[in-house]
Number of protein chains: 2
Amino acid sequence: MAGTVYPGGRKPLPADLVGALEQRFGDRFERGQAVLGQHGASESHFAPVLPDAVVFALSTDEVVALVTLCSAADVPIVPFGAGTSIEGNALAIHGGISLDMSRMDRVIAVHAEDFDCVVQPGVRREELNLHLRDQGLFFPIDPGANATIGGMASTRASGTNAVRYGTMKDAVLSLEVVTPQGKVIRTARRARKSAAGYDLTRLYVGSEGTLGIITEVTLRLHPVPDTISAAVCSFATLPGAVDTVVQAIQCAVPLARVEILDKKQMAAVNRWSKLDYPEAPTLFFEFHGSANHVAEQVETVKMLAEANGGSDFAWSNRPEERTKLWRARHEAYYAAVNMRAGAIGWATDVCVPMSRLAECIAETYTDLEASTIPSTILGHVGDGNFHVVFSIDPNAPEEMKEVEAINARLVERALAMDGTCTGEHGIGIGKQQWLVAELGDAVGQMRLIKRAFDPQNLLNPGKIFAL
Amino acid sequence: MAGTVYPGGRKPLPADLVGALEQRFGDRFERGQAVLGQHGASESHFAPVLPDAVVFALSTDEVVALVTLCSAADVPIVPFGAGTSIEGNALAIHGGISLDMSRMDRVIAVHAEDFDCVVQPGVRREELNLHLRDQGLFFPIDPGANATIGGMASTRASGTNAVRYGTMKDAVLSLEVVTPQGKVIRTARRARKSAAGYDLTRLYVGSEGTLGIITEVTLRLHPVPDTISAAVCSFATLPGAVDTVVQAIQCAVPLARVEILDKKQMAAVNRWSKLDYPEAPTLFFEFHGSANHVAEQVETVKMLAEANGGSDFAWSNRPEERTKLWRARHEAYYAAVNMRAGAIGWATDVCVPMSRLAECIAETYTDLEASTIPSTILGHVGDGNFHVVFSIDPNAPEEMKEVEAINARLVERALAMDGTCTGEHGIGIGKQQWLVAELGDAVGQMRLIKRAFDPQNLLNPGKIFAL
């Protein structure tokens, strides 16, 4: 919220640091209000927090130079990708430099035979897939937003394909990282697997820029399947939709994507994306494989859907129909927030064991229906991960308080089911109390790592936990 | 080798600790030579190193009690599972207590609908699969040896199914861990994915007991496929076999297992397991899926194999034939070592990007042919991971030196190809110089974690790196 004061405060940039940064980065050291504003905004409900300056890095050497200068001046650095994170992960809450990585956007190498590629962190996932298109390969992780690869690695992002292809923890083979001491390390070789010491790759993935600055990412790729089919199916009830997915997974159907949208979300999608789907609980599917194998998967899922009250099962191999479908799914967050003009959004992010998903959604539904604040449910149902999207009146502070209370009850419900407060958005500043509720003393081990790696608390201070 | 002196040495157990352990653990505190010998042996080429005592723990509380006592007395603890590791990972090189977890062998819960289970670390993988058999689920990670789940997590094990189902980093959802300070932490909830802070699960997986003692493991399971088919195919050349696998993966065939055995390994297998396969470079396959999908996979692979000089492609759905095939594969290490009576084994473990595998194997072959020491090649060809197994005369110290030199050249070759010195065996005491060659300054970050978590250097000291 506007006027939020973060513990620890902030101090102005020292003049000698300003001079050194001007000299080193020229016009890529920026302090104009427009640029600060872009780097201080959030796609979610957090009030803007401007950094003191923005530096656009072009190389690993420049990141090392910046770290060295800021360390000497004791000024924080907050890595920044596309600014699409939604837990305030990239807000400079203690001031300092917003380090914009978006101009480090080269695809360095594609090793088609090895199903991997090496990219700079500022490459965005859609651009990467365009780059790969001619080689019969694709990068599956799809959080909806056209985020940067570095940002996705930092928040351990996932999204619609995770049920089949995993999350960023599975997609990242190796990282180049600049440490807070200005050392450049590589966390792993390019082999598909390794047992060589502690798994630093997976430690940096999800560390939200608090342990090091990612300057290069080696990603695992997948062959583009022969046949891709999409399907849409409406259900009489939300539990009917959820049960269909649980049963499909039990039948070992290798679903590539399966997304749930409740009837209010379908209404929002229809309005926003000018579509005319039935306004009922709905599953969006995607199937990957050989033509025969896809047909077989579709047949199994269709049978299960019918047994669970599904109807209007419509599937298609046509790329333009698939594109339309997934564009609508990707715009679902904006569609939901914009049910009210000028509203601001808040997306929850719990993930529970599959066996508890229907129950968790049903109880949440009851809670939502007792509120007048518009909300929808959508989610990655194959992972047990769903989002409630609230559309909040920015001029009604009591609405923000009410959503906070609903979210608190939702997280407590998920934790009681052995779930997590965040399936894919990370902790940032929004979920710190829940991290402690979820993992207790294990958070103490995280603090030990942060203190050992970054004793000066230079990198993205105040995120994940306060020290 | 016998008489190896490890830096840092060892000191006798303090008398008051002995008294306290006798009181706390009764006859589960053992100092008899037979038990010490079992816990001081290695399945590989390392000379025995006896611990000062063995404690058999029955519960997390007992592990906490042991850690508290040993910490106060400054005596090392070395967690021990089934003793099947092969880089000396569980040898008490600085003395102290070998903490035997094998009696913590309960399957605590199976959540069939969630495709997970919770087990104590002493459960062995074969027993787990027997336990799961009636529920249509299986645990895919298969390192050959009937290792404990705790040991497999500690070394980030993988094996024959990794090409399809991943390694222990993918199989472990959550861990209960006792820290060197005696705190009990849980690294994650039971949700399928999470972005809640640093990935402690993946940090402990592969840490070889140096950061904490694993006392409970939550594992991801998979539905038993409708149809399982095995196939064997001989090739005119080793590169023909490798190319078949690379092309199958490019065609997106979801191979469940694909193992390569060279002609010498096939001769050893035939002799050891009383079989009569052609003594030629050979691939062992397994295919999982629906009946139609498996038939389709088999058809594709058969076609590729034929194009690459494969012949005698024989496949079967019969469980007893599959069992025979995979038993022979699992005995391959012993078959190779026992080509000479009384010999000791040494298995290398490099893993390289797929595009370099044929070349890496070919160059290694040339090196092996210049040696008189019997050796074979076998490996998880879909991951780029292969082992050379040497059969060494224990009375010929010059043979050990020669194998050391061949292994050094092999690791350097793999590193030059952007590969790793260890795909799945871990670092232990055998690969410490290669870890530094492979990851350079990143090893410094590992040391920071070890020092932060275990400042007393209590847990499995001297493994992965010396401090």
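This is a predicted model: local features need pLDDT of at least 70, side-chain atom pairs count only at pLDDT 80 or more; totals for chains, interfaces and linings use all residues.
Let me start at the interface.

How are the two copies related? Chain B superposes on chain A by a rotation of 180°, with 0.0 Å of shift along the axis. The RMSD of that superposition is 0.0 Å. The copies are thus related as by a two-fold rotation axis.

Now the contact itself. 72 residues of chain B are in contact with 72 residues of chain A. Which elements of chain B supply at least two residues each to that side? On the helix side of the list we have α7 (168-171), α8 (200-204), α9 (238-250), α11 (291-307), α14 (354-369), α16 (432-439) and α17 (442-453) of chain B. The list also has a strand, β9 (184-186) of chain B. The largest share comes from α17(B), with 9 residues. By class, the side of chain B that touches chain A has 29 nonpolar, 23 polar and 20 charged residues.

One residue gives us a close view of a contact between the chains. Take A:Ser355. You will find A:Ser355 in the loop between β16 (344-347) and α14 (357-369) of chain A. What does A:Ser355 touch, leaving aside its neighbours within four places in sequence? The contacts are B:His111, B:Glu113 and B:Asp114. Within its own chain, here is one distance for scale. A:Ser355 and A:Ile185 are 170 residues apart along the chain, and their C-alpha atoms are separated by 41 Å.

Next, chain A as a whole. Chain A has 17 helices and 18 strands. Along the principal axes, its C-alpha atoms fill a box of roughly 70 × 55 × 40 Å. The radius of gyration of chain A is 22 Å. For 467 residues, a compact globule would have a value near 23 Å, so chain A agrees with that expectation. Of the 467 residues of chain A, 57% count as buried. Then the contacts. Consider those in chain A between residues at least 6 apart in sequence. Of these, 71% join residues at least 24 apart.

On to the domains. The assignment for chain A gives domain 1 (15-103), domain 2 (107-223) and domain 3 (227-416). The centres of domain 2 of chain A and domain 3 of chain A, taken over C-alpha atoms, are separated by 27 Å. How many residues are in contact between domain 2 and domain 3 of chain A? Domain 2 of chain A brings 7 residues, and domain 3 of chain A brings 12. On the domain 2 side, the classes are 2 nonpolar, 4 polar and 1 charged.

Now a sheet in chain B. It is an open sheet of 4 strands, in the order β1-β2-β4-β3 (chain B), with mixed pairing. Which strands stand at the edges? Those are β1 and β3 (77-80) of chain B. Each has a single partner strand, so one side of each is left without a neighbour in the sheet.

Let me walk through the pairing around β2(B). Strand β1 (residues 29-30) of chain B runs antiparallel to β2(B), joined by 2 bridges. B:Phe29 has B:Val55 as its bridge partner in β2(B). B:Glu30 stands opposite B:Val54 in β2(B). With strand β4 (residues 97-100) of chain B, β2(B) pairs in the parallel sense, over 4 bridges. There, B:Phe56 stands opposite B:Asp100 in β4(B).

What about the faces of β2 (residues 53-56) of chain B? Both are covered. B:Ala53 and B:Val55 lie on one side, B:Val54 and B:Phe56 on the other, and all four residues are buried.

Last, two backbone points in chain A. A:Asp74 sits in the loop between α3 (60-73) and β3 (77-80) of chain A. With 13 C-beta neighbours inside 10 Å, A:Asp74 counts as partly exposed. A:Ala252 is in the loop between α9 (238-250) and β13 (257-261) of chain A. A:Ala252 is partly exposed, with 18 other C-beta atoms within 10 Å.

That is the tour. Thank you.

Conventions
Residues are numbered from 1 along each chain as its sequence is written. Chains are lettered from A and ligands numbered from 1 in the order in which they are written. Domain bounds come from an automatic or database domain assignment. Two residues are in contact if their C-beta atoms, placed from the backbone, lie within 7 Å. Ala, Val, Leu, Ile, Met, Phe, Trp, Tyr, Cys and Pro count as nonpolar, Asp, Glu, Lys and Arg as charged, and the others, Gly among them, as polar. A residue is buried if 20 or more other C-beta atoms lie within 10 Å of its own, exposed if 12 or fewer, and partly exposed in between; C-beta atoms are placed from the backbone. Two strands pair if DSSP finds at least two bridges between them. The radius of gyration is taken over C-alpha atoms; the globule rule is 2.2 Å times the number of residues to the power 0.38. Copies are superposed by least squares on the C-alpha atoms of residues with pLDDT of at least 70 in both.
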